[in-house]
Number of protein chains: 2
Amino acid sequence: MDRKTALTVLKLGGSVITVKEKAFTPDTKTINRLAEEVAKSGVAPIVIVHGGGSFGHIVAKEYEIFEGYKKPSQLIGFSKTRQAMTALNSLIVEALVGKGIAAVSLQPSACILTESGRILRFETAPLEKMLVLGFAPIMYGDAVLDAKRGFTILSGDQIVSKLAVSLEATRIVIGLDVDGLYTADPKVDPKAELIETITLRELRLLLSKVGGSRAVDVTGGMSGKMSEMIPALEKGIPVEMVNAKEAGRLFKALKGEEVIGTKFQLG
Amino acid sequence: MDRKTALTVLKLGGSVITVKEKAFTPDTKTINRLAEEVAKSGVAPIVIVHGGGSFGHIVAKEYEIFEGYKKPSQLIGFSKTRQAMTALNSLIVEALVGKGIAAVSLQPSACILTESGRILRFETAPLEKMLVLGFAPIMYGDAVLDAKRGFTILSGDQIVSKLAVSLEATRIVIGLDVDGLYTADPKVDPKAELIETITLRELRLLLSKVGGSRAVDVTGGMSGKMSEMIPALEKGIPVEMVNAKEAGRLFKALKGEEVIGTKFQLG
């Protein structure tokens, strides 16, 4: 595609932009600060993908949308989950537009079909045209149609990795509500230490430990997220994780400056 | 596609669901009544496509989105136009969900790319899967990416006709803020009479009269809308126009009952 410069794919975690414990509650202050940090960084072209947090997850869980179609009463639950994601996405898009970024919402369930939870078809023509013109497409984890299950939940992380690979992005930046990846779950183990850099080989080792035991997830629930990043890492696309709840860290990461966080690299 | 029953494509005009003169003002009472009429009719499968009315048109006009990309300052206008359509669409989807319809928003600009204003690519896999499962996909006139112009405005009418043809719909119902097609513009000519039935041949004759003169549009601004319906009519898909501002008329049309309006048929 004829973009002039290197593409950044930015993920904003659902727990960063919403108040986790309260249903349908955006963290408006953080959303506006992050919009400001993205605008100030001047990074372009950029695709932003955000999670669902307390907007998507609660309704999705109630109607068991992830598991797929089992009974007609789930249909209205799918409708509500989708609509909740549109509502959250509108807040993000409007915050970015408010800071002068030509952000354009791009509904994942309108251009993606999954099969057993994995992306099967992804129409990227509108998205690629957006990037050429100078828009910032904004996608999100969504309730999507699934060729096998009927429907399911597609994570923002899977979208990030798929997009980065197919659009040959130069980097992935992930904004979370923790400082990065730890040697143990920092919420449980006081000896947990932040991993500042990790190679793909080390990451695979870490994930095999998680997969091997049905007990504790040593990454503190981040193994799914990390697994999704492997295809991008295999293509040599660097991934950087920072705490986006802390002011200025996302800005520094976007600017390529040194910042507290975890860097994933090939090797 | 393996749908059990015949598909209805319903268009709801932008002037029906919004207050024309007031920017960003939905006609909430009408929206709720129409959601009720659709629900009560029990018609399924159904795809609903709505217009932009006072949500889309004002911003789109200000930034000359229809004309395509001319300068960077239009980008933010495109973002705003798109977001206005999402806002209106959310009101429609939520009204339908409120009446128990499993309505699912489907963003046109995420799955359609136009070329010089005409649909070039249209990823319908998610939409078709929605219909199989029993969802009611809700689309709308939208600000879309265009392979030639950069971007443009895609009318709901073009989507209606294209969808009806490609999904082999059995009928198109169009809800307007007038009773139907007239022999002259009813707002100008007191002798204007409602045309109750019109054949494709007669419609072509009427449109050639409009096209031939740069003066008055005898259809009262409906020639564009009518031209869009020709591909569907050529496929033998009947089109019925009713006044959706009048209570009960859309319901009757959906039920296949006799109602004041205009019927378009092959011949």
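In this predicted model, helix 7 of chain A and helix 9 of chain A are roughly parallel to each other, because angles under 35 degrees count as such. Helix 7 covers residues 156-166 of chain A and helix 9 covers residues 223-234 of chain A; the two pack at an angle of about 10°, with their axes 8 Å apart. From helix 7 of chain A, the contact draws on D157(A), Q158(A), V160(A), S161(A) and V165(A). Helix 9 of chain A contributes K225(A), E228(A), M229(A), P231(A) and A232(A). Sorted by class, this contact of helix 7 with helix 9 of chain A has five nonpolar, two polar and three charged residues.

**The sheet of chain A**

Chain A has an open sheet of eight strands with mixed pairing, in the order 3-6-2-1-9-11-12-10. At its edges are strand 3 (103-105) and strand 10 (197-199) of chain A, each of which pairs on one side only. On average, neighbouring strands of this sheet are turned by 20° against each other, direction ignored. Strand 10 of chain A runs parallel to strand 12 (residues 262-265) of chain A, and three bridges join them. Within strand 12 of chain A, F264(A) is the bridge partner of I198(A).

Two helices of chain A pack on this sheet. Helix 4 of chain A touches strand 2, strand 3 and strand 6 (136-140) of chain A, and its direction makes about 150° with that of strand 6 of chain A. Helix 6 (residues 125-133) of chain A also touches strand 2, strand 3 and strand 6 of chain A, with its direction at about 145° to that of strand 6 of chain A.

**The sheet of chain B**

In chain B, eight strands form an open sheet with the order 3-6-2-1-9-11-12-10 and mixed pairing. Strand 3 (103-105) and strand 10 (197-199) of chain B are the edge strands, each pairing on one side only. Strand 11 (residues 239-243) and strand 12 (residues 262-265) of chain B run antiparallel and are joined by three bridges. V239(B) has F264(B) as its bridge partner in strand 12 of chain B.

Helix 4 (residues 74-98) of chain B lies across strand 2 (46-50), strand 3 and strand 6 (136-140) of chain B, and runs at about 150° to strand 6 of chain B. Helix 6 (residues 125-133) of chain B packs on the sheet as well, touching strand 2, strand 3 and strand 6 of chain B, and its direction makes about 145° with that of strand 6 of chain B.

| Helix 4 of chain A | Strand 6 of chain A | about 150° |

The axes of helix 4 (residues 74-98) of chain A and helix 4 of chain B come within 11 Å and cross at roughly 155°. Angles over 145 degrees count as roughly antiparallel, so helix 4 of chain A is roughly antiparallel to helix 4 of chain B. The crossing of helix 4 of chain A and helix 4 of chain B is left-handed.

The contact between the chains takes 40 residues from chain A and 40 residues from chain B. Chain A and chain B bury about 3200 Å² between them, with 68% of it on carbon and sulfur atoms. Of the area that chain A buries against chain B, Q83(A), E123(A) and L133(A) supply 17%, more than any other three residues.

**Backbone geometry in loops**

The peptide bond from A44(A) to P45(A) is cis, with omega near -5°. P45(A) is found in the loop between helix 2 (28-41) and strand 2 (46-50) of chain A. In chain B, the peptide bond from A44(B) to P45(B) is cis, with omega near -5°, and P45(B) is in the loop between helix 2 (28-41) and strand 2 of chain B. E64(B) is not a glycine but has a positive phi of about 50°; this residue lies in the loop between helix 3 (53-62) and helix 4 of chain B.

Note on methods. Residues are numbered from 1 along each chain as its sequence is written. Chains are lettered from A and ligands numbered from 1 in the order in which they are written. This is a predicted model: local features need pLDDT of at least 70, side-chain atom pairs count only at pLDDT 80 or more; totals for chains, interfaces and linings use all residues. Side-chain values use heavy atoms; hydrogens and water are left out. Two strands pair if DSSP finds at least two bridges between them. Helices (H or I, at least four residues) and strands (E, at least two) are DSSP runs, numbered from the N terminus. Contact means heavy atoms within 4.5 Å. Axes are lines fitted to C-alpha atoms, for helices over the stretch in contact, and angles run from 0 to 180 degrees between N-to-C directions. Angles under 35 degrees count as roughly parallel, over 145 as roughly antiparallel, 65 to 115 as roughly perpendicular and the rest as oblique. A crossing is left-handed if the near helix is turned anticlockwise from the far one by less than a right angle, and right-handed if clockwise. Buried area is the accessible area (1.4 Å probe) that two parts lose on being put together, summed over both. Ala, Val, Leu, Ile, Met, Phe, Trp, Tyr, Cys and Pro count as nonpolar, Asp, Glu, Lys and Arg as charged, and the others, Gly among them, as polar.
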